[in-house]
Amino acid sequence: MSAPDRDMSLQVPSLPKGRYSSLCSDDEQLDDDESTLWQDEVGSLKGSVYLPKSGRLSQAAKEDSSQLAAVIKMGWLDKNPPQGALYYQRRWVKLDVDYLRYFDNDKDVYSKGIISTAFISNVSSVGELKFDVVTTNRTFIFRAETEAERNDWVTALQDCTRGRQLRNTMSPGSPLAPDYKGYLELRGIRSKLYTVVALDKVFLYKNIEDYRIGVGITSIEMNVGNVKETDRRTFDLTTPYRIFSFIAESEQLREQWVDAMRDAIGEALSNSEVADRIWAEPSNSFCADCGAPKPEWAAINLCVVVCKRCAGEHRGLGPSISKVRSLKMDRKVWTEELIQVFLLLGNERVNSFWAANVPPSEALTPSSCSEERRRFITNKYRQGKYRKYHPLYGNQRELNNALCINVQCSDVLETLSLIFCGADVNCSTGMASCPTPLSLANAHSQLLQAELISHNLNTELPRSEVGGDMEALHYLPQPCVSHNGFLYKTASMARAITERKSKEEFSRRWCTLNDGTFSYYESDKNSNPNGALKASEIVCLAVDAPEKHGYDHTFELYSESERLYLFGTDDPGSHKEWVKSIAKSFIPASAEPLLRLGFERIGRLKCKDGLNLQTSKVGWFALVDSTLHAYLADSHGEEIHLRKLNELSIQQDNEVLVLVERGRTLYIEGERKLDFAGWCAAIQAAAGRGGDTLSQQQLTETDIPVIVHSCIGYITQCGLASEGIYRKSGVNSRVAALCDRFRQDARSLRLREGEHQVDDVSTTLKRFFRDLEEGLFTSEDASNWLSTAAIQDESTKLSKYQVLLERLPRVNKATLQALINHLYCVQRFSELNQMNLHNLAIVFGPTLFQTDGKDYTAGRAIEDLIQYYTLIFEVDEQQLKKQLEEITVIIKVREKLSVKFPSTEPGGHFICTVYLEEKKDTAEQHVKIPGSMTAAELTCEVLNRRNIPVKDKDYWSCWEVCDKEEMERPLHYQERVLPILHSFGTDSHLLIKKHLAMDMMVLYLGNKADASKHGNMKFREERSILGLGLSSGSFHDRYFILNSSSLRMYKEIRSNRAEREWPVKNLKVYLGIKKKLRPPTCWGLTVVYESKKQEKAEKQQWYLCCDTQSEMREWFATFLSIQHDGDVWPQDGLKQVQANRELTTDTRHGNVSLIPLRGSENEMRNSVAAFSQDPLALFRDVR
């Protein structure tokens, strides 16, 4: 390069100076108290940040993150409230191109109010330091700290709204045309909000009028949202910052809202604009590796567009070789320059380098298996086996010089060839002003060259000198770890260990750990090992509990190839040394602090963060008691307290473990089934493990045990007006069952009215505190609390109580405050529940202090804590007043609401509405349903009322009809009706009509030799996109075998291993499939699987489609025959059933009415005794 040319290349255009912005991440935690979500409070005084050059940012910047919009200006302002009061409220205000938003403080994620800039008609300065923001029919007044600040805001707002077409009302043609809208009740603020789902956002407005004028409360970005159905009319919208609990007006509307919000999440996470542009180059429409059509992924540093299956193998190479990104989800990375690089090169041109020498025998096809893909992609990119070698290959100096020359022109393919044949992208150019090829490309305005180089600054170049297949390494093993000695080993396994291994099942082996290889030999005399396991192949090490197997101390090793190795010893010192050495051999240096923990399980897992659902990253985890320690890629260590999780669930057919904690969601993926199943079981056990002390319980975010929080919440909602609450005891068997359920997993237990009784719940809470190890007040300080109660001087007593309160452990203090707050509220409503301050103290004194209750010392202490609650705990009087007002509303609402359960008679029978032949008013029959009534007896009862004779071959049946799911099921003639009524939804009903297909079904079954069937059907199940609950999937052909014990599903008739298997006794089969699923035929079955496990009920639903009506009838008949042992229809028809019904009475249910319980405990006892002597005595004096 000549001197003039060199001088020319030094002239680098100066980059424009970036505007200063302290735009902080709004990635903060929202306050728990939902009732104060939009209550105005005065904030602290802070300055504002102004970005002088206003205007719209690029679309990529705007869509970068849920909370980092194109902010033009932000800062603190005083705002005049809408009522026009004289005082101002301090607000953190943000202005972007679409909205002016104001918040309680600069940490809040969700605003208190939003004003659409499209509706702002005027912005002007008024008075001293103030300015008006005028919309169609509202004027908002703000006040700045200085005049300059006020002028800056006015200028920014005027620039933002200038040139826009003013809108008077929100119209369907607006950019924010709603996908769904209507009123929803939001729990916490207890009022209905007008809610709008638009594209990838959810907007909340006070009412429809505010929506029409563009003045709202807040907006929720759905790219971090997850929708979960919770009850009949309720559902939760969960974000990392807050859970919004909505209540719809009906169950049907709830479904529509859920669908709309899930569509918004899908919209937020999917954008086909980039994909469409990339596919505009024809060769990019097919995978660069296997040729599959419409590939949606790309290796942005290798410049190839690949399909999903090949992208998985690219990720296995590691980001140092292949940086995999989605065309549809990773919008941030797709700059205009990168898109142009892919359009310029295209898969065809770039493969002229990468795949110039692919032997036909090694080429991939779209149907290639994972092993073939892994081998090919490793050869192609890690080893560069098929690339076209550059003429300068091997001459480093010339390669570097050629790269420096080429980046100054537009030949991007030549640059790619130079880089991946060994040119150093960080080499020196010899020029002070442009020291690297990247700066040289920028100086010559070669933006595409600069883009390619920037993605390869740290790329690991192909290593052709490395022979053989190379597996992807995610870490560097620790050097110089060695250990040896005798261990006892069982045979390796391909499945989890579910039973105890005796000593006889172990064999003594000499084991060594050297040079990153763990080997075991027949004895210490042998030179050839029986087997070996490379440290790089170990993915998990689990330390078993002592005496779990025949040998006292055992540990399990899980390998990459899905094998499990169990080793044991009776020497605890040897066991500890082996565990330490093996862990050190495969845990990378970046996660070395994990080795210092007393872990029970340690290893490698893939995971996704809640804010980045597109890219998996490798994480190193260690489980210690109830804490999961994690070292994720490119991050420092963190701790996840499992007992404080908001949610812990397994999704996607047991392939994703979802951990939701305050402020983030972590998705742990099942890369391998064997070790992942072990992790899931261990994490769930640790999260649900309730010990005997307060700190060992599952806790809420405020450090209150979940059992205490649940019981208090339930009693507040359902029991504050219950007479004798906490004094009356629950049924012992039900209380014991509740305590056991809470002990197993308090988080999964939901207390529901009707299902759980108030007195059972209150007794459960008392029993929890009574049995608590160390007690609520701790064994060390309990006596000090009791002695303080004897102090006569009120001021001294309260001060001592406060000192003792501060000495309590964190969890004990939070729990005590929550309980005393609850008891304070209980005694405030003593006119309803008869539990005044003294009565509560009598009950809770001995319970909380775990005394015998012979004196009132403990009661006096509790009475003091309740009486002086506001002083001891320094409670905000306004907040307490608001809480009491809310409770009053709850009690009044419960008094007014009519009970929405089936009516009952004094004898305990249910009154049910049954329809004859069709659902209409004239076909209604109100029938008394005793517990023993069968479907056949109900059918006869309705037919008798309508004087309809039952003839031979008249197959009258009782049908369960579900309108929502568009399905129906004929009840078996011996099936009890009452359990069906209890499981009903509001969209289901009972219908008496003829079973027209029964005659043909009976004939079909009579001609079959055995009760079994096999054949092809189209299958679909409800799946969900990772962690989002989005339904997807379609119908697929599957081969089914139905026998007397199970229903098995195979991928095809030649498959020898079933994909799925269900016990046939647990299946409910319905006729019909809802039309929104678009079944391929009209002859479909809806199958519901319900597990019979008491501890954790499970319900699944899927769909089967048959090609003909007769085929559907045969499958249904076979199901019915197997489930009822061939007894499909009574031999003598319904006439005999009718006759038997008239001769029998229901002896299984008594006619005992509830006894009114009032007065003291002795009075209640006397009432029960009197009732047992003369049941009618209670009603003789009724006037």
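Me: How many of the residues of strand β11 are buried?
Reply: The model is a predicted one. Strand β11 covers residues 201-205 and is mostly covered. Of its 5 residues, the number buried is 4.

Me: Which residue in β11 stands opposite valine 197?
Reply: Strand β10 (residues 191-198) pairs with β11 in the antiparallel sense, over 5 bridges. Within β11, the residue opposite valine 197 is valine 202.

Me: Which residue in the turn of the hairpin formed by β10 and β11 has a positive phi?
Reply: The hairpin of β10 and β11 has 2 residues between the strands. A positive phi of about 55 degrees is found in the turn at leucine 199.

Me: What is the bridge partner of lysine 201 in β13?
Reply: β11 also pairs with strand β13 (residues 218-221). These two strands run antiparallel and are joined by 4 bridges. Lysine 201 has as its partner in β13 glutamate 221.

Me: Which residue in β10 is the bridge partner of glycine 182?
Reply: Strand β9 (residues 180-186) runs antiparallel to β10, with 7 bridges between them. The partner of glycine 182 in β10 is threonine 195.

Me: Which are the edge strands of the open sheet of 7 strands?
Reply: The strand order in this open sheet is β13-β11-β10-β9-β16-β15-β14, and the pairing is antiparallel. An edge strand here pairs on one side only. The edge strands are therefore the two ends of that order, as the pairing on one side only shows: β13 and β14 (226-229).

Me: What is the orientation of helix α10 to helix α11, roughly parallel or roughly antiparallel?
Reply: Helix α10 (residues 396-406) packs against helix α11 (residues 412-419) with the axes 10 Å apart and at an angle of about 160 degrees. Angles over 145 degrees count as roughly antiparallel. The orientation of α10 to α11 is therefore roughly antiparallel.

Me: How many of the residues in the contact of α10 with α11 are nonpolar?
Reply: From α10, Leu399, Ala402, Leu403 and Asn406 take part, and they meet Glu414, Thr415, Leu418 and Ile419 in α11. Among the residues of this contact, 2 are polar and 1 is charged. The number of nonpolar residues is 5.

Me: What is the handedness of the crossing where α10 passes α11, left-handed or right-handed?
Reply: The two helices pack with their axes 10 Å apart. The crossing of α10 past α11 is left-handed.

Key: Residues numbered from 1 in each chain as written. Predicted model: local features only at pLDDT ≥ 70, side-chain atom pairs only at ≥ 80, totals over all residues. Heavy atoms only, no water. Axes fitted to C-alpha atoms, helices over the stretch in contact; angles between N-to-C directions. Parallel < 35°, antiparallel > 145°, perpendicular 65-115°, else oblique. Left-handed = near helix turned anticlockwise from the far one by under 90°. Contact = heavy atoms within 4.5 Å. Nonpolar A, V, L, I, M, F, W, Y, C, P; charged D, E, K, R; others polar. Buried < 20%, exposed > 50% of the residue type's maximum accessible area, 1.4 Å probe, protein only.
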